[in-house]
Amino acid sequence: MSANNLNLTLKVWRQKNAQTAGKFVTYKAENISPDMSFLEMLDVVNESLVHKGEDPIHFDHDCREGICGMCSLYINGHPHGPKRAITTCQLHMRSFHDGQTITIEPWRASPFPVIKDLAVDRSAFDRIQQAGGYVSVNTGGVPDANEIPIPKVIADEAFNSATCIGCGACVAACKNASAMLFVSAKVTQLGMLPQGQPERYRRVQSMVAQMDAEGFGNCTNTGACEAECPKEIKMTNISRMNNDYFSAKLFRSEELHEQSQGEG
Amino acid sequence: MSEFKETFNSSLGKKLIMALTGLFLCTFLIVHLGGNLLLFKNDDGYAFNVYANFLTHFPPIEVIAYILYLCILVHTLYAIILTVKNRKARPVGYAVTASDNASWNSKNMGLLGSILFLFIVIHMNDFWYNYKYTDKVGFKEYRTDLSSGITQSADFMPASAKFENSVSTENNTEIVRVKDLHARVQHSFGNLIYVIFYVIAMVAVAFHLKHGFQSAFRTLGWVHRKYTPIVEFIGTWFFAIIMPIGFALMPIVYYFTRS
Amino acid sequence: MTLDAKIPAGPIAEKWSKHKFNLKLVNPANKRKYDIIVVGTGLAGASAAASLAELGYNVKAFCFQDSPRRAHSIAAQGGINAAKNYRNDGDSIYRLFYDTVKGGDYRSREGNVYRLAEVSVNIIDQCVAQGVPFAREYGGLLDNRSFGGAQVSRTFYARGQTGQQLLLGAYSALNRQIEAGKVKMYTRSEMLDLVMVDGKAQGIVTRNLENGKIETHSGHAVLLCTGGYGNVFYLSTNAMGCNVTAAWRAHKRGAFFGNPCYTQIHPTCIPVTGDHQSKLTLMSESLRNDGRVWAPKTVELAQKLRKGELKAADLKEEDRDYFLERKYPAFGNLVPRDVASRNGKEMVDEGRGVGTTGIAVFLDFADAIKRLGEDAVRAKYGNLFDMYYQITDENPYKVPMRIYPAVHYTMGGLWVDYNLMTTIPGLYALGECNFSDHGANRLGASALMQGLADGYFVIPYTVGDYLAKLGPKPVDTNHPAFEQTKKEVEERINKLLALKGTKTVDEIHRQLGHIMWEYCGMARNEEGLKKAKGMIQELRADFWKNAIVLGENEEFNMSLEKAGRVADFLELGELMVDDALMRKESCGGHFRIESQTDEGEAKRDDENFAFVAAWEYKGDNQPEELHKEELVFEEVHLTQRSYK
């Protein structure tokens with residue numbers, strides 16, 4: 001192994017399950033290659049734990065290329081670690097220095113209860129999406145794709161919002177544990193596109209209602225979410241959502257709130 | 001009505017209330033600063049006292065004043081409600097938190113707001129409660145020679161306890177008798193601790209509004225590629241720099257020029 | 001048992017419409033009496049679950065991730081093909097069909113492929129209607145780009161995140177049905193077995209990964225949309241969780257496994273840096289539109305580059321070998337994946353590889369940046385360049401990328417007929433999980449197309465036919481078959497948990513990966529494959545003796561999850577080797593060293609191997625039985641594939 005390898009001290013949050021209390025446990029991570037990703041470093045630590053017969057550190061991860069949104073980890077005070085615009089799986093050990101102490105915590109928010117160690121339950125996000133994050137079209141019977149021209153600037157803007165990976169870093173970063181960046185990204189994506197217009201005002205109301213029901217905090221526009229978002233989603237989305245919400249609630253005269261649930 | 005209730009009970013609705021009351025308080029500060037600049041007039045408080053008298057005796061202004069007090073209370077109350085709710089959203093805190101992902105003031109609006117609330121209580125007790133409801137503030141009589149325009153002032157003891165103010169003209173001389181808030185200001189601003197507290201509060205105002213003014217626009221959803229930079233410019237230069245300096249200069253100048 | 005692919009008779013362009021008419025329908029009021037189980041929520045699973053729920057069926061959907069949106073379809077970068085001919089460049093359904101059959105090296109079914117090309121146009125319409133933000137031109141209409149293996153621009157894309165956007169579209173449709181109560185979603189649930197009642201698939205056994213609860217679920221039909229098995233190689237572009245368990249369990253219950261040896265090696269991945277590597281990252285094939293692939297002309301130059309004595313930019317034009325452009329002037333850098341991969345490996349084998357390890361070739365954008373400007377290149381590939389920079393710490397705007405092939409996709413999978421039904425009645429396989437449409441090699445931007453075609457536009461028709469004939473009688477989880485299967489699952493888990501040896505599951509998995517890559521990877525021969533077979537058997541015995549599996553079942557237990565998956569890979573690996581041994585020809589992604597043309601290209605043996613290999617499980621440690629489905633070509637004339 002090369003001379004550039006790192007020896008690190010890890011302070012990791014260990015918690016058996018949601019019912020038991022957790023605590024920090026210190027581990028040594030030795031001879032870590034700077035080319036490793038952060039999760040590969042944890043793999044190495046886990047391998048050594050397994051050899052010792054100790055329970056490995058549990059964390060969520062899947063694609064390991066920064067797109068599935070499954071990995072999390074609050075590393076030295078930053079969701080997805082100290083570097084901007086990446087996920088934990090894209091964070092490489094060359095971003096750390098030899099001898100450094102790294103504190104690893106789970107996302108902290110009451111709507112994200114800890115399942116075990118560093119893995120949390122983010123199903124609240126799914127429920128918010130289920131409340132209205134879609135265009136109600138059935139399979140088949142839709143117009144030809146090019147019958148809906150969309151100005152490139154609008155399409156690009158909508159795309160910027162659509163890149164959200166639903167990882168929850170915005171909630172983790174926000175001092176209020178607010179989910180507004182996540183919710184507003186979907187509201188904005190569909191609210192900007194012509195396909196999303198028919199349900200624009202209904203959607204924003206039901207998604208915000210679900211967000212509130214889940215117990216997320218309120219936005220105070222600190223901008224921490226935008227700074228920590230691995231996909232660099234802008235706070236402007238939150239303003240757009242607010243605008244749509246207030247329009248829907250205060251100025252639209254048609255009944256927008258009740259939604260009828262048809263048979264599939 | 002239930003729909004409105006639902007709206008203002010939602011997280012966004014509560015933020016809307018914060019934004020609207022906040023912006024109203026901002027506009028009031030402009031008026032307040034304008035009035036207070038009269039303190040710099042070297043007229044033994046004539047203009048300032050007339051202005052204070054006008055504010056407390058012109059009915060439409062009085063209505064607005066009560067809306068203002070209500071705004072302060074609502075802004076504070078909702079800040080508390082929101083803070084409690086936000087705390088509940090993160091029952092277990094982090095061991096390590098980064099400081100470089102958001103500005104300090106945006107994360108400490110509650111602390112800044114608490115300082116301001118305390119300041120407002122003391123400030124209003126001093127210059128509003130005592131002015132209106134106690135006899136701690138005396139009267140002054142200003143006699144202006146209408147031909148020369150020269151004003152002379154003197155203390156005035158009203159005969160009746162119910163006396164509030166009077167304006168009359170005798171022998172080409174205008175006599176204005178009003179409560180002498182100016183004296184009260186001189187008295188307060190002569191106290192070093194008070195001055196320091198006042199300046200600290202103005203620093204708090206600066207930081208509070210640096211974030212708060214533009215934040216209110218964001219909450220209202222008024223974000224625009226072309227206009228948002230203007231809002232941020234005004235928020236920074238006017239509300240966070242010029243205005244707090246303007247307010248803070250008064251006690252400082254009065255303290256150092258006291259006789 | 002003879003395999004009946006049930007391909008409808010008649011002219012190729014009418015097969016699907018006629019078939020649709022002949023399929024039985026379930027009347028709208030009866031649909032709610034049927035339960036359908038969908039395992040996996042990637043493009044195929046999410047689109048199938050949503051579409052079936054829209055029709056009125058009750059759907060139960062399962063995924064092992066914490067949310068259906070995480071399925072690995074999300075990582076697809078490049079694009080999705082559709083025969084829209086928006087470019088007026090000569091595209092048509094027939095051409096897409098033809099390109100796909102040819103690209104698959106004539107080892108796919110004409111009927112299936114034609115249907116795929118036919119519904120491809122509907123997919124784009126559907127996705128746009130859902131609000132998927134495809135790339136657009138200034139006029140507001142959809143943009144296209146070209147992709148490997150085609151001479152027309154028919155690929156629709158959404159920056160480098162096409163898979164993500166398409167999956168989020170399908171996820172939103174799924175969410176709508178969850179909200180409507182028509183889909184019951186089970187997340188963090190892994191299917192561990194298939195329940196058979198009277199010879200039909202009628203349920204599954206799952207493990208709740210959060211608390212270890214073993215659950216049984218019943219349904220009138222079971223749809224496996226569980227993706228591919230590339231992780232048998234340990235290192236691949238698949239997500240860490242991708243596994244073969246659901247498909248393998250179904251295989252052991254009687255579903256034949258089709259063409260297991262057909263694996264696709266993607267030519268443009270970021271090279272391995274060390275033993276710690278847990279996965280490989282793909283760089284979209286679209287990069288080959290503007291990037292030029294090259295290696296140094298001589299071994300000496302390559303050595304100097306490896307030692308850092310020379311930089312890539314120091315090499316003069318005449319010292320560079322743009323080997324794809326040289327060997328394939330017509331397609332140049334856009335040859336199909338298998339051809340590009342093999343040529344890259346050849347360079348490395350000759351000692352002309354670059355990078356410190358010497359296991360890489362260059363993908364150079366200097367010309368493109370000169371021609372189009374850095375901004376234009378950034379607009380097209382910005383996120384890919386950023387990703388590369390992030391992983392390698394090298395700026396691809398300044399120095400050429402280093403790339404090397406990596407396992408990416410498995411064309412093989414559960415054998416299905418034209419209706420996507422496996423050899424088990426009521427069990428269907430969709431998307432990468434089945435073997436059906438890509439033959440021996442998949443063209444770029446066709447995986448997304450197939451997943452969505454199966455889910456949105458094929459299964460809603462074909463499953464109805466089966467259900468209508470089956471009748472709506474409820475399936476009861478009290479049937480003894482459910483209890484029995486559950487018991488078997490529990491026994492297996494206990495067997496795994498009893499393993500308290502000395503080797504971690506990852507170590508064994510890594511060993512398996514080495515064997516597979518070495519002997520059953522990009523180039524295979526009889527000797528190596530026979531050796532690999534023995535090694536896998538030994539490794540499997542080693543696993544069941546020396547593996548360490550910690551903890552208990554009733555908790556979130558990564559160790560146990562992984563062990564169960566690797567145990568299945570250890571069985572699948574051997575079948576892949578058997579299949580590769582049996583198939584003595586070269587075709588597409590399956591390259592037998594013994595069978596190549598004078599120029600070193602894959603040489604097919606149409607006389608003896610124009611069939612689908614469907615393997616039947618015969619019991620533990622028993623050789624599997626081979627069944628052949630002969631491939632009949634009525635439209636496409638079989639020729640030696642040439643991209644020159």
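A salt bridge is counted here where a side-chain nitrogen of Lys or Arg lies within 4 Å of a carboxyl oxygen of Asp or Glu. By that rule, the count between domain 1 of chain A and domain 2 of chain A is 1 salt bridge. The structure is a predicted model, in which local features need pLDDT of at least 70 and side-chain atom pairs count only at pLDDT 80 or more, while totals for chains, interfaces and linings use all residues. Residues are numbered from 1 along each chain as its sequence is written, chains are lettered from A and ligands numbered from 1 in the order in which they are written, and side-chain values use heavy atoms, with hydrogens and water left out.

In the contact between them (heavy atoms within 4.5 Å), 23 residues of domain 1 of chain A meet 21 residues of domain 2 of chain A. Together the two domains of chain A bury about 1,600 Å², 58% of it on carbon and sulfur atoms; buried area is the accessible area (1.4 Å probe) that two parts lose on being put together, summed over both. A:Ala85, A:Pro111 and A:Phe112 supply 34% of the area that domain 1 of chain A buries against domain 2 of chain A, more than any other three residues. A salt bridge joins the side chains of A:Asp60 and A:Arg122 at 3.7 Å, N to O. The side of domain 1 of chain A that touches domain 2 of chain A consists of 12 nonpolar, 8 polar and 3 charged residues. In this classification Ala, Val, Leu, Ile, Met, Phe, Trp, Tyr, Cys and Pro count as nonpolar, Asp, Glu, Lys and Arg as charged, and the others, Gly among them, as polar.

On the side of chain C that touches chain A, α6(C) gives the most, with 10 residues; helices (H or I, at least four residues) and strands (E, at least two) are DSSP runs, numbered from the N terminus. By class, that side of chain C has 29 nonpolar, 28 polar and 22 charged residues. Overall, 79 residues of chain C are in contact with 78 residues of chain A, and the two chains bury about 6,800 Å² between them, 52% of it on carbon and sulfur atoms. C:Arg70, C:His276 and C:Gln390 supply 10% of the area that chain C buries against chain A, more than any other three residues.

Chain A also touches chain B, through 47 residues from chain A and 38 residues from chain B. These chains bury about 3,400 Å² between them, with 52% of it on carbon and sulfur atoms. The count between them is 1 salt bridge, and the side chains of B:Glu6 and A:Lys249 meet in a salt bridge at 2.6 Å, N to O. Across this interface of chain A and chain B, 28 residue pairs are in polar contact (both at pLDDT 80 or more). To the side of chain A that touches chain B, α8(A) gives the most, with 9 residues.

Chain C itself comes to 18 helices and 21 strands. Its radius of gyration, taken over C-alpha atoms, is 24 Å, close to the 26 Å that the globule rule (2.2 Å times the number of residues to the power 0.38) gives for 644 residues, so chain C is as compact as a globular protein of that length. The domain assignment of chain C gives domain 1 (267–407) and domain 2 (487–603). Between these two domains of chain C the count is 0 salt bridges, and 2 residue pairs are in polar contact (both at pLDDT 80 or more).

Note on methods: A polar contact is a pair of N or O atoms within 3.5 Å; within protein, one must be able to donate a hydrogen and the other to accept it, and residues adjacent in sequence count only if both atoms are side-chain atoms. Domain bounds come from an automatic or database domain assignment.
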